[in-house]
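Hello,

Here is the structure I promised to pass on. Please open it alongside this message. My notes follow below.

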Amino acid sequence: PPAPATPSMRGRSGTPAPKRSLVRMAITLLVQKPSLAAEIEPPYLFSELQQAGIALLTELIQLARSRPDITTGGILEHFADEESGPALQKLAVADILTDPKVWANEFVGAMKSLDLETLLQRETALNQKQKESGLASLTDQEKDELRGLQPAIRALRQEISRRGTEN
């Protein structure tokens with residue numbers, strides 16, 4: 001079980017403060033500065049992540065990359081009639097507590113962290129399949145993938161760590 005929240009982790013009401021979602025942060029940055037989409041190149045590893053908001057994030061990136069001149073207003077107009085429209089309107093005016101000069105670094109860092117979560121999620125799924133049904137239940141392709149995941153995870157963690165020390 002997770003450790004209980006310490007007083008510094010609690011909100012004003014005394015309940016644990018919500019974990020800031022990387023997906024929400026990335027969407028907020030992208031809605032407020034669509035040109036950030038140019039900071040990453042497809043294919044987007046994180047698009048395979050089973051997590052709320054990933055499909056919207058991927059769609060926003062594709063929209064902003066296909067229309068490099070799109071503005072926040074253009075994004076809101078594009079999504080006006082969709083279920084995500086009202087949420088995007090709120091994020092468009094949300095306070096971002098970092099200097100706009102570092103938004104690109106924040107965005108790329110969030111994307112790298114989502115890539116890491118994707119690799120970890122896939123590793124967990126393959127390990128779970130192996131645990132439940134034995135090694136023979138994995139295809140040769142899955143075995144190769146599982147062997148390659150640890151080095152990829154280590155490399156991505158190192159890259160994220162380096163990015164964090166450069167700020």
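**Helix 1 against helix 4**

Helix 1 (residues 22–32) and helix 4 (residues 85–92) cross at roughly 75 degrees, and their axes come within 9 Å. Angles of 65 to 115 degrees count as roughly perpendicular, so helix 1 is roughly perpendicular to helix 4. Helix 1 brings Arg24, Ile27, Thr28, Val31 and Gln32 to the contact. Helix 4 brings Leu88, Leu91 and Ala92. Sorted by type, the residues of this contact are five nonpolar, two polar and one charged.

Please bear in mind that this is a predicted model.

**Overall make-up**

The protein has six helices and zero strands. Read from the N terminus, the order is α-α-α-α-α-α. The protein has 167 residues, and 33% of them count as buried. Take the contacts between residues at least 6 apart in sequence: 66% of these join residues at least 24 apart.

**The cores**

The largest nonpolar core has 33 residues. Which of them touch the most other members? They are Ile27, Phe46, Leu57, Leu60, Ile61, Phe107 and Met111. Five helices each supply at least two residues of this core: helix 1, helix 2 (54–66), helix 3 (72–78), helix 4 and helix 5 (103–133). There is also a second, separate core of eight residues. Leu116, Leu119, Leu146 and Leu156 are among its members. As a general point, nonpolar side chains tend to be buried together in soluble globular proteins.

Ile27 is worth a look on screen. Beyond its neighbours within four places in sequence, Ile27 is in contact with Gly53, Leu56, Leu57, Leu60, Leu88 and Leu91.

**Helices 1 and 2**

Helix 1 is mostly covered, with eight of its 11 residues buried. Those eight are Val23, Met25, Ala26, Ile27, Thr28, Leu29, Leu30 and Val31. What covers them? The cover includes helix 2, helix 3, helix 4 and helix 5.

Helix 2 is 13 residues long. From first C-alpha to last it reaches 18 Å, close to the 18 Å expected at 1.5 Å a residue. Its buried residues are Ile54, Leu56, Leu57, Thr58, Leu60, Ile61, Leu63 and Ala64. They pack against helix 1, helix 3, helix 4 and helix 5.

**The loop between helices 1 and 2**

Look for a cis peptide bond here. It joins Pro42 and Pro43, with omega at about 0 degrees. Pro43 sits in the loop between helix 1 and helix 2.

Is Ser113 buried or exposed? The cut-off for buried is under 20% relative accessible area. Ser113 has 18%, so it is buried. Ser113 lies in helix 5. Leaving out residues up to four places away in sequence, Ser113 touches Leu22 and Ile160.

Thr118 is also found in helix 5. At 6% relative accessibility, Thr118 counts as buried too. Its contacts, apart from neighbours within four places in sequence, are Leu45, Phe46, Glu48 and Leu49. Thr118 and Gln51 are 67 residues apart in sequence, and their C-alpha atoms are 9.4 Å apart in space.

**Two partly exposed residues**

Pro86 lies in helix 4. Its relative accessible area is 47%, so Pro86 is partly exposed. From Pro86 to Leu76 is 10 residues in sequence and 8.7 Å in space, C-alpha to C-alpha.

Ala155 lies in helix 6 (residues 140–166). Ala155 is partly exposed as well, with a relative accessible area of 42%. Ala155 and Leu116 are 39 residues apart in sequence and 9.6 Å apart in space, C-alpha to C-alpha. Leu116 is one of the residues of the second core.

Best wishes

Note on methods
Residues are numbered from 1 along each chain as its sequence is written. This is a predicted model: local features need pLDDT of at least 70, side-chain atom pairs count only at pLDDT 80 or more; totals for chains, interfaces and linings use all residues. Side-chain values use heavy atoms; hydrogens and water are left out. Axes are lines fitted to C-alpha atoms, for helices over the stretch in contact, and angles run from 0 to 180 degrees between N-to-C directions. Helices (H or I, at least four residues) and strands (E, at least two) are DSSP runs, numbered from the N terminus. Angles under 35 degrees count as roughly parallel, over 145 as roughly antiparallel, 65 to 115 as roughly perpendicular and the rest as oblique. Contact means heavy atoms within 4.5 Å. Ala, Val, Leu, Ile, Met, Phe, Trp, Tyr, Cys and Pro count as nonpolar, Asp, Glu, Lys and Arg as charged, and the others, Gly among them, as polar. A nonpolar core is a set of buried Ala, Val, Leu, Ile, Met, Phe, Trp, Tyr and Cys residues joined through side-chain atoms within 4.5 Å. Buried means under 20% relative accessible area, exposed over 50%, partly exposed in between (1.4 Å probe, protein chains only). The expected span of a helix is 1.5 Å times one less than its number of residues.
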